[in-house]
Amino acid sequence: MTNAVTATVPVPTRPASLSRPTAAKPAVGTANGPRNTASGVPRWADLAARATVWTTVPSGLWRVALGLGVPVGFSGELAATADRYTPGWGTAYVVLLSVLAEALAFLTVGLVRPWGEVVPRWIPLIGGRTVHPLAAIVPATLGSAALIWVGMSSLFGGWAAAMNNPEAPHGAAGLIMTLCYLPLVAWGPLVAVVTIAYARRTLGRR
């Protein structure tokens, strides 16, 4: 008898209109890339994004050494200025500059990771929302263009002119400084190719 009554009583269900909307979770892992990449990311784009992070490391370490008072080859007034402010507030400046550069380079990784398509849920107010492709493509494109311009300007004349300063590092010190800053030339082009891959992948879904 109880079973019969139970069978006749409808079980209340939650109306579809009251269901909590959730952002689509991007698929992770592809046949071409590591498991922690977003779906559809080619391996070359993932490698380019990883390489971007390393382009800022050598120059950042060189600046930190300068900020800690390590002799890096400056002479004359440039050396006096460095000695006047480092160690000191100049140390904080070069460390913050290096951290900022590394953080900006790391943003490129978001173009090949799920958090570049859906905002991580731990971020207040916007966590869990889908990232509009243009919100990433536009700043990445402008940033890569600026970096390419700076890199090419330095590569074709700007760096040589700066190093011709009699007070600039020369010899082994100048070579070390040049090698530390040289990877920055690749920063812009790497961001550009990763942005193109991101645009092709995300705009093609809309």
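Buried means under 20% relative accessible area, exposed over 50% and partly exposed in between, with a 1.4 Å probe and protein chains only. This is a predicted model: local features need pLDDT of at least 70, side-chain atom pairs count only at pLDDT 80 or more, and totals for chains, interfaces and linings use all residues. Residues are numbered from 1 along each chain as its sequence is written, and side-chain values use heavy atoms, leaving out hydrogens and water.

**View A. The protein has eight helices and zero strands.**
Helices (H or I, at least four residues) and strands (E, at least two) are DSSP runs, numbered from the N terminus. Along the sequence the pattern reads α-α-α-α-α-α-α-α. Of the 206 residues in the protein, 33% are buried. Contact means heavy atoms within 4.5 Å. Among contacts between residues at least 6 apart in sequence, 68% join residues at least 24 apart. The protein exposes about 12,800 Å², an area from the Shrake-Rupley method with a 1.4 Å probe, where for residues only the protein chains shown count as cover.

**View B. The largest nonpolar core has 15 residues.**
A nonpolar core is a set of buried Ala, Val, Leu, Ile, Met, Phe, Trp, Tyr and Cys residues joined through side-chain atoms within 4.5 Å. Val 41, Ala 45, Leu 111, Val 112, Val 194 and Tyr 198 have the most contacts inside the largest core. Helix 2 (43–55), helix 6 and helix 8 (187–203) each supply at least two residues of this core. Helix 8 gives the most, with five residues. In soluble globular proteins, nonpolar side chains tend to be buried together.

**View C. Asp 46, Arg 50 and Arg 113 are linked in a network of salt bridges.**
A salt bridge is a side-chain nitrogen of Lys or Arg within 4 Å of a carboxyl oxygen of Asp or Glu. The structure holds four of them. Arg 50 and Asp 46 meet in one through their side chains, at 2.8 Å from N to O. Both residues lie in helix 2, four residues apart, about one turn of the helix. Asp 46 is buried because its relative accessible area is 1%. Arg 50 has 36% relative accessibility, so Arg 50 counts as partly exposed.

**View D. Arg 113 lies in the loop between helix 5 (89–106) and helix 6.**
With a relative accessible area of 9%, Arg 113 is buried. A polar contact of 2.7 Å joins its side chain to that of Asp 46. A polar contact is a pair of N or O atoms within 3.5 Å; within protein, one must be able to donate a hydrogen and the other to accept it, and residues adjacent in sequence count only if both atoms are side-chain atoms. Beyond its neighbours within four places in sequence, Arg 113 is in contact with Asn 36, Thr 37, Ala 38, Asp 46 and Arg 50.

**View E. Glu 117 and Arg 201 form a salt bridge.**
Their closest N and O atoms are 3.2 Å apart. The pair links distant parts of the chain, 84 residues apart. Glu 117 is in the loop between helix 5 and helix 6, and Arg 201 is in helix 8. Both residues are buried. Side chains of opposite charge can pair when their charged atoms come close.

**View F. Glu 77 forms a salt bridge with Arg 84.**
The closest N and O atoms are 3.7 Å apart. Glu 77 is partly exposed, with a relative accessible area of 46%. Arg 84 is also partly exposed, at 48% relative accessibility. Gly 69 lies in the loop between helix 3 (57–67) and helix 4 (76–85). At 41% relative accessibility, Gly 69 counts as partly exposed. Gly 69 and Arg 84 are 15 residues apart in sequence and 9.9 Å apart in space, C-alpha to C-alpha.

**View G. A nonpolar surface patch covers about 660 Å².**
Ile 148, Met 152, Leu 155, Phe 156, Leu 175, Leu 179 and Leu 182 make the patch. Patches are made of residues with over 30% relative accessible area and no salt bridge: like charges are joined within 9 Å, nonpolar side chains (Val, Leu, Ile, Met, Phe, Trp, Tyr) within 5 Å. Helix 6 (133–163) and helix 7 (171–181) each supply at least two of its residues. The largest share, four residues, comes from helix 6. Phe 156 is found in helix 6. Its relative accessibility is 64%, so Phe 156 counts as exposed.
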